[in-house]
Amino acid sequence: MAEALALRHISAGYGDTVVLEDVNLAIQAGESISVIGRNGVGKTTLLATVMGHTTLHGGEVTLGGVSLARVPVFRRARSGIGFVPQEREIFPSLTVRENLEVGARPGPWTQERVFDLFPNLGARLSHAGSQLSGGEQQMLSIARALLTNPRILLMDEPTEGLAPVIVEALAAVLARLAAEGALSIVLVEQNSRVALAFSARTVVMDKGRIVYDGASAALAADGERLAKLIGVE
Amino acid sequence: MTAPPTGWSDHPAARALAGRHRLRAWEPIPWLLALAFYFAFPKYLGFGTEVLVTILFALSLDLVLGYAGIVTLGHAAFFGAGAYTVGMLAKHGIWNEPITGLILAALVAALIGLGSGVVLLRTQGLTLLMLTLCTMALLEEAANLAHDYTGGFDGLDSLPIAPLLGWFEFNPLYPRTQYLYVLSVLFVCFVFVRTLVYSPFGQSLTGIRENTLRMHAVGAPVRRRLVLCYVLSAAIAGVAGGVWAQANAYVNLGTLGLDRAATVLIILVLGGHGRLYGAFVGAVAYMALAHFLSKIYPTAWQLGLGLLLVVIALFAKNGILGIVEAAVRRHAPRVT
Amino acid sequence: MTSAPLLETRALRRNFGALAAARDIDFRLEAGARHALIGPNGAGKTTFINLLTGVVRPTAGVILMNGRDITAVPEAERVKLGIARTFQINRLFRRLSVLENVYIAVAERVGAAPSMRRPAGLRRDVVEESMELLDTLKLSADAARRVSELPYGRQRLVEIAIALGLEPRVLLLDEPAAGVPSAESHIILDAVERLPRQIAVLIIDHDMDLVFRFAQRITVLVSGAVFATGSPREIGANPDVRAVYLGQVARG
Ligand SMILES: Nc1ncnc2c1ncn2[C@@H]1O[C@H](COP(=O)(O)OP(=O)(O)OP(=O)(O)O)[C@@H](O)[C@H]1O
Ligand SMILES: Nc1ncnc2c1ncn2[C@@H]1O[C@H](COP(=O)(O)OP(=O)(O)OP(=O)(O)O)[C@@H](O)[C@H]1O
Ligand SMILES: [Mg+2]
Ligand SMILES: [Mg+2]
C-alpha cells in the first residue's frame with residue numbers, strides 16, 4: 001500500500017513556541033487512525049501543521065510521497081486534503097448552499113448524499129451560516145470537507161455538538177468509507193470510547209509527543225494503561 | 001495549585017494586571033524630548049505646536065477607536081466644535097481667557113458628542129462610519145452657512161486671545177508661549193487618558209471592543225459605556241481644537257473637514273492604535289515626513305507619503321509601535 | 001398560593017421567518033433545580049436559552065422570574081437579576097488574558113466596572129475572586145495567557161468561569177462539556193457541585209454520560225416544542241426519545 005500521509009521528525013508550534021516535538025507518523029492509503037489525548041497536548045496543532053497553519057521548526061510532511069514544504073496553504077486544501085477544523089470555521093455570511101459550493105470537487109460525494117447524512121442541512125439551504133444551530137454548523141463543516149472529495153480527511157473533534165443519533169450515523173458512514181479503503185481518515189476525538197471503536201489503530205499524544213501508536217483493541221482492553229495515557233483522574 | 005496563604009497577588013497574571021499601569025522606564029523620554037525641542041529648535045516652535053496639537057487630537061481618537069473599538073471618520077467634528085467655540089467667543093468679544101476657554105470648548109464638544117453619540121452608537125461598523133461622517137459634514141455646512149457668526153468660508157482670524165495667566169502673550173510670530181502651553185495641556189489630558197484606560201472602566205471598554213455580545217451577557221450597560229467614552233473623547237478633541245485656535249489665533253472650516261478627520265485616523269493607525277503612545281509616534285512620524293517630503297518634492301510629496309502608508313498598512317497592522325513591540329519581544333527573554 | 005418558581009415561561013414562542021424555533025414552551029425551573037435540556041440538533045435548545053436571557057425577543061408568550069414578568073427586560077439587566085449563561089460557541093475576549101476575561105465579569109457584578117480612577121489591577125478583591133474562581137476550574141496556571149493561545153478545551157472552561165463570576169441564581173449552560181475531553185468533564189460538574197445548593201442550573205449537552213450523571217429532571221425538546229419531561233430514568237426508558245434522539249445509547 002502507498003503512503004497517504006507522513007510526518008517525519010516534525011517539530012512545530014506557534015511563532016517561537018514549540019508545541020510538537022519530533023513527531024513521526026505515517027498513514028497508508030485507505031487507512032484510518034484516531035488521535036486522542038488530554039487537553040492541550042497538541043492534537044489540533046498536529047492537524048494544523050499538516051494544513052500549514054503553524055510554524056514548522058523542523059521535519060517534513062509528505063502527501064502521497066510528495067513533500068508539502070513548498071505547497072502554499074491554500075493549495076493544500078486543493079491537493080486532496082479535507083479538513084474539519086475544531087472551531088468549524090464556516091463562512092458565517094454565506095448561505096448553506098454557498099458554503100457547500102466553496103471548494104467542492106466532483107467525486108463520489110454529492111450534495112444529495114450529504115443531505116442524506118445530514119437532513120438538517122438540506123432543509124436550511126438558503127439560511128446564512130451564522131443562523132445555523134451549533135450542531136448544524138458542525139454538520140456544515142463536515143459536509144463541506146466531504147464535498148471536496150478528499151483522498152485524506154482530517155477531522156478535529158467532528159462529533160462535538162452533534163446529537164447521539166447523528167454521531168451514530170456519521171460513525172457508520174465513516175466506518176463504511178474506511179472499509180471501502182477509498183479514503184484515509186485522521187480523527188481527533190475527545191471521547192476515547194468513540195475513538196477506539198472507530199479505527200483499528202490509535203495514536204495517543206501527550207505534551208506534544210506521540211506516546212502510543214498501535215492497536216486500538218490493545219488499549220481498549222487495558223483500561224489501566226489507557227487511564228494512564230489520557231489521564232483519567 | 002491551591003491558593004497560597006497570602007492570596008493570589010504574587011501570581012504572574014495578577015502581577016501583570018497590577019503592574020501594567022506603573023510608569024515604565026522609557027515613559028519620560030517623549031516628554032523630555034518635547035522639552036529639548038523647545039530649546040534646540042526655537043525656529044520650529046510653530047511646527048512643534050502643530051505636532052503637539054495633533055498628538056492630542058490623535059490621543060482622543062485612540063480612546064474611542066483603539067480602546068473601545070468605535071470606528072469613526074468624523075472625529076474632526078469635535079475638534080472643529082472646540083475650535084469654533086474658542087474662536088467665536090473671542091471674536092465676538094464674549095470670552096477670551098485661554099484656560100477657561102478650553103473648558104468651554106471641551107463642554108461644547110462633549111455636548112455634541114453626547115447628542116450624536118446617543119443616536120449614532122446604536123449602530124456599528126459601516127453604518128456608524130457613514131453616520132459619523134455625515135454628522136461632521138452637517139456641522140461643517142452649518143458653520144459655512146452661519147456666516148455672520150462663524151465667518152463662513154473665510155473663517156475668523158486675528159482672534160484676540162488674552163495672555164495666558166494674564167501674563168504670557170500669544171505671539172503668532174514667535175510661538176514660545178503656545179508651545180509650552182500646548183505641551184502642558186497635552187500632558188494633563190494624557191494623564192487623564194492614561195488613568196482612564198488602565199481603570200476598570202478602561203478594562204470594560206476593551207471588553208466591548210473584543211466582544212460586545214459577551215459584554216451584554218456579563219451585564220454591562222454597553223451603550224451607556226460607549227456613549228460616556230465617546231463624550232470624554234469628544235471633550236478632549238474639543239480641547240485640541242480649542243488650543244489649536246488659540247495658538248494660531250484663527251479658525252476656519254478646515255478644522256471641521258474630512259481632511260483633518262482622515263489624517264488623524266491615518267496618524268493613529270501609523271503610530272499604532274490602542275497603545276497610548278501610538279498617537280505620539282504617528283503624529284511625529286507623519287508630520288515630520290510630510291514636512292520634509294514637501295520640501296524635497298513640492299509637487300509629488302503626497303504620493304511618497306501615500307506609498308509609505310500602504311506599506312505600513314500591508315506589513316504592520318499595529319503600526320510603528322507594533323513593529324517595535326514585536327522586536328522587543330523577540331529579543332527579550334521569554335517570560336513563562 | 002404556592003410560591004412562584006424561580007424562572008418560568010408560558011406559551012413562549014419564537015419564529016424565524018416560517019420556522020418556529022420555539023413553539024409554545026411552558027417551562028418551570030425551581031430554586032435548586034438540576035435540570036437538563038436535550039434534543040436533536042436544531043431543536044431550539046439554544047434559542048430557548050437566548051429567549052430566557054433576552055438575546056432573542058419572543059414572538060409571543062411571557063417569561064417570569066419569581067413571578068415577575070421580565071419579558072421586556074433587556075439582556076444586561078437580566079444578568080443583574082441573577083441569570084447567567086455560557087455560550088455553545090465561545091464568546092470570549094480572545095486577545096485578553098484569561099484573568100482579564102474573568103475580571104471583566106467579576107468587576108461588572110461587584111460594581112467596580114464604572115470606576116475610572118483606580119488602576120484595574122489594584123482592585124485586589126476582584127483579582128482575588130477571579131483567581132479563586134479560575135483555580136476551581138483548574139485554570140490558575142493558565143491565568144496569564146492570552147485566551148486565543150489556549151487549547152480549545154481550556155477555552156471552554158473560561159466560558160464557564162465567566163458565567164460563574166457573575167454569581168448567578170439561575171445558571172444556563174449551553175453544551176459546557178463540548179470540546180472538553182471526557183476524562184476532564186468532571187471538572188465542570190465538580191465546579192457546579194460547589195455552587196450554593198439553591199442555585200438553579202439548566203444544562204444542555206449531547207454527552208449523555210454527563211447529562212444522566214448531572215440531571216434530576218430532563219426535558220426533551222423536538223422541533224421547538226417540549227416532547228417529553230421526566231426523571232432521567234423515565235426519559236432513558238422512553239422509546240420515542242430513543243428513536244428521535246438517543247439512538248442506541250443504552251440507558252435505564
Ligand atoms: N495560537 C497559539 N499561540 C501559542 N500557543 C498556542 C496557540 N494555539 C495553541 N497553543 C498551545 O499549543 C498547545 C497545544 O494546543 P492544541 O490546540 O494543539 O491542543 P489540543 O490537543 O488540540 O487540545 P484540545 O483537546 O483542548 O483541543 C497548548 O499548550 C496551547 O496552549
Ligand atoms: N437567527 C436565526 N435566524 C434564522 N434561523 C435561526 C436563527 N437562529 C436559529 N435558527 C434556526 O432555529 C433552529 C433552532 O436553533 P437552535 O440553535 O436553538 O438549535 P439547538 O437545539 O441549540 O441545536 P444544537 O443542538 O445543534 O445546538 C435551527 O434550525 C436554526 O437553524
Ligand atoms: Mg484541539
Ligand atoms: Mg445549540
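1. Let's start with Asn39(A): an N or O atom in its side chain sits 2.9 Å from an oxygen atom of ligand 1, a polar contact in the sense of a pair of N or O atoms within 3.5 Å (within protein, one must be able to donate a hydrogen and the other to accept it, and residues adjacent in sequence count only if both atoms are side-chain atoms). Thr44(A) also brings a side-chain N or O atom to 2.6 Å from an oxygen atom of ligand 1, and for a polar side-chain atom of Thr45(A) the distance to an oxygen atom of this ligand is 2.4 Å. On its own, ligand 1 exposes 630 Å², of which the protein buries 86%; accessible areas come from the Shrake-Rupley method with a 1.4 Å probe, and for residues only the protein chains shown count as cover.

2. Before you read on, please keep in mind that this is a predicted model, in which local features need pLDDT of at least 70 and side-chain atom pairs count only at pLDDT 80 or more, while totals for chains, interfaces and linings use all residues. Residues are numbered from 1 along each chain as its sequence is written, chains are lettered from A and ligands numbered from 1 in the order in which they are written, and side-chain values use heavy atoms, with hydrogens and water left out.

3. Who surrounds ligand 1? There are 19 residues around it, the closest being Lys43(A), Thr44(A), Thr45(A), Arg145(C) and Glu149(C); a residue is near if one of its heavy atoms lies within 4 Å. Because these residues come from chains A and C, the site is shared between chains. By class, the shell has six nonpolar, eight polar and five charged residues. Here Ala, Val, Leu, Ile, Met, Phe, Trp, Tyr, Cys and Pro count as nonpolar, Asp, Glu, Lys and Arg as charged, and the others, Gly among them, as polar. H1(A) gives the most to this shell, with three residues.

4. Now for ligand 2. Its surroundings hold 22 residues, and the closest are Arg124(A), Ser133(A), Lys45(C), Thr46(C) and Thr47(C). Chains A and C both contribute residues around ligand 2, so this site is shared between chains. The shell divides into six nonpolar, 12 polar and four charged residues. Helix H6 (134-147) of chain A, strand S2 (19-29) of chain C and helix H1 (45-53) of chain C each supply at least two of its residues; helices (H or I, at least four residues) and strands (E, at least two) are DSSP runs, numbered from the N terminus.

5. For a polar side-chain atom of Thr46(C), the distance to an oxygen atom of ligand 2 is 2.7 Å. Taken alone, ligand 2 exposes 640 Å², and the protein buries 89% of that.

6. Chain A also holds an open, mixed sheet of six strands, in the order S6-S7-S8-S3-S9-S10; two strands pair if DSSP finds at least two bridges between them. Strand S6 (81-84) and strand S10 (209-215) of chain A stand at the edges with a single partner strand each, so one side of each is left without a neighbour in the sheet. S6(A) pairs with strand S7 (residues 152-156) of chain A in the parallel sense over four bridges.
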